[in-house]
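Trainee: I want to check the labels on this model against their cut-offs. Can we go through them one by one?

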Amino acid sequence: MTLVELPAGIVIGTASESASDETTFTLTEDPCDDRRVVTVPSVEATVTELAARLERWPLAAAVCDDVLRSIDPDGSTLAGVVTESLAYSTLQSGPEFTRWLAERGTVRMPDIADPVRAHRDGNTLRIAFNRPSRHNAFSTDARAALLEALAVAQLDPSVDEVVLSGNGPSFCSGGDLAEFGSFADPASAHLARTRHSPAVVLDALTTRLGPSCRAEVHGQVLGSGLEMAAFCGRVDTQPDSVFGLPELSLGLIPGAGGTVSVTRRIGRWRTAYLVLSGRTIDAATALAWGLVDAVG
């Protein structure tokens with residue numbers, strides 16, 4: 001195997017026939033089913049791109065690698081979410097996120113009524129993100145509304161199916177960037193993420209309902225949107241969907257449980273690739289990797 005050491009101490013392989021558990025991931029230009037391996041059009045171009053990204057966000061990249069190696073995807077969901085959140089809060093205090101906030105500048109958080117809509121259809125609870133003008137970007141008020149809707153399924157055992165979807169052009173484009181940086185302090189933000197976590201509730205519902213707790217996704221399925229969908233027992237996607245974890249460009253890592261949920265579906269190596277590269281994948285690739293269960 002050829003090993004390439006990138007900034008932030010990230011080591012990747014470039015020969016799929018000898019992929020290793022020790023590397024962050026391995027790149028190849030050939031088709032490969034090994035979850036430790038990512039097939040790309042050009043290994044050389046991808047390595048160059050990765051080096052540039054890791055040079056700009058070395059702290060977030062190193063923390064991402066640490067978290068993915070630390071979390072047991074077969075272990076406790078809450079323990080994984082807590083580990084992820086503590087790392088996320090650390091990065092919220094770091095210079096890379098501070099730089100992103102300065103470059104973004106001051107923005108106004110839009111007031112959008114009914115960020116989540118839910119209705120009961122027999123024994124099926126249908127929950128839809130409802131901020132279509134912002135591709136259902138996930139906000140604090142959306143989190144509170146989602147938790148309120150999910151509580152119905154938690155408390156009522158007659159609910160035997162939960163369907164999570166999104167109104168408008170996308171399922172969910174991730175966290176609302178206008179809201180980022182509005183936390184009182186990283187410690188309080190950590191407690192809010194872990195004590196009021198849709199990830200933990202979705203995981204519990206999936207434990208009870210299996211594939212009857214499902215996500216129906218389309219359009220942009222990014223960041224927290226992908227992270228939450230991946231906790232569902234089944235993910236159905238439309239062919240137009242694109243999937244990605246763009247948090248590194250903010251100086252952060254996934255913060256809605258994705259280091260647990262996405263890793264369970266595709267392994268830590270391909271999860272690391274999505275975070276560190278910032279690239280998106282299409283529905284066909286998501287299906288081949290096991291990130292979704294059906295395209296139609």
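Mentor: What follows sets computed values against their definitions. This is a predicted model, where local features need pLDDT of at least 70, side-chain atom pairs count only at pLDDT 80 or more, and totals for chains, interfaces and linings use all residues. Residues are numbered from 1 along each chain as its sequence is written, and side-chain values use heavy atoms, with hydrogens and water left out.

Trainee: Which residues of α8 and α9 make the contact?

Mentor: L226, E227 and A230 of α8, with G258, S261, V262 and R265 of α9. Contact means heavy atoms within 4.5 Å. By class, the contact has three nonpolar, two polar and two charged residues. Ala, Val, Leu, Ile, Met, Phe, Trp, Tyr, Cys and Pro count as nonpolar, Asp, Glu, Lys and Arg as charged, and the others, Gly among them, as polar.

Trainee: Why are α3 and α6 called roughly antiparallel?

Mentor: The axes of α3 and α6 (residues 186–195) cross at roughly 155 degrees and come within 9 Å. That angle falls in the antiparallel class, so α3 and α6 are roughly antiparallel to each other. Among the residues that meet are L78, V81 and V82 in α3, and P186 and A189 in α6. The contact divides into seven nonpolar, five polar and one charged.

Trainee: How do you know the relation of α2 to α3?

Mentor: By the angle again. The axes of α2 (residues 58–70) and α3 cross at roughly 170 degrees and come within 10 Å. Therefore α2 and α3 are roughly antiparallel to each other. L59, A60, V63 and V67 in α2 meet E84, A87 and L91 in α3. That contact has six nonpolar residues, no polar and one charged.

Trainee: Is T77 buried or exposed?

Mentor: T77 is found in α3 (residues 77–92). Buried means under 20% relative accessible area, exposed over 50%, and partly exposed in between (1.4 Å probe, protein chains only). T77 has 7%, so T77 is buried.

Trainee: What makes the pairing of the T77 and D203 side chains a polar contact?

Mentor: The distance is 2.9 Å. A polar contact is a pair of N or O atoms within 3.5 Å; within protein, one must be able to donate a hydrogen and the other to accept it, and residues adjacent in sequence count only if both atoms are side-chain atoms. Leaving aside neighbours within four places in sequence, T77 is in contact with D203, F231, V260 and R264.

Trainee: What about T271: buried or exposed?

Mentor: T271, in α9, has a relative accessible area of 1%, so T271 is buried. The side chain of T271 makes a polar contact with the side chain of T263 at 3.5 Å. Beyond neighbours within four places in sequence, the contacts of T271 include L68, L245 and I266.

Trainee: Why is V107 called partly exposed?

Mentor: V107 lies in the loop between α4 (95–104) and β5 (116–121). The relative accessible area of V107 is 37%, so V107 is partly exposed. V107 and E179 are 72 residues apart in sequence and 8.3 Å apart in space, C-alpha to C-alpha.

How values were computed: Helix = DSSP H or I, 4+ residues; strand = E, 2+ residues; numbered from the N terminus. Axes fitted to C-alpha atoms, helices over the stretch in contact; angles between N-to-C directions. Parallel < 35°, antiparallel > 145°, perpendicular 65-115°, else oblique.
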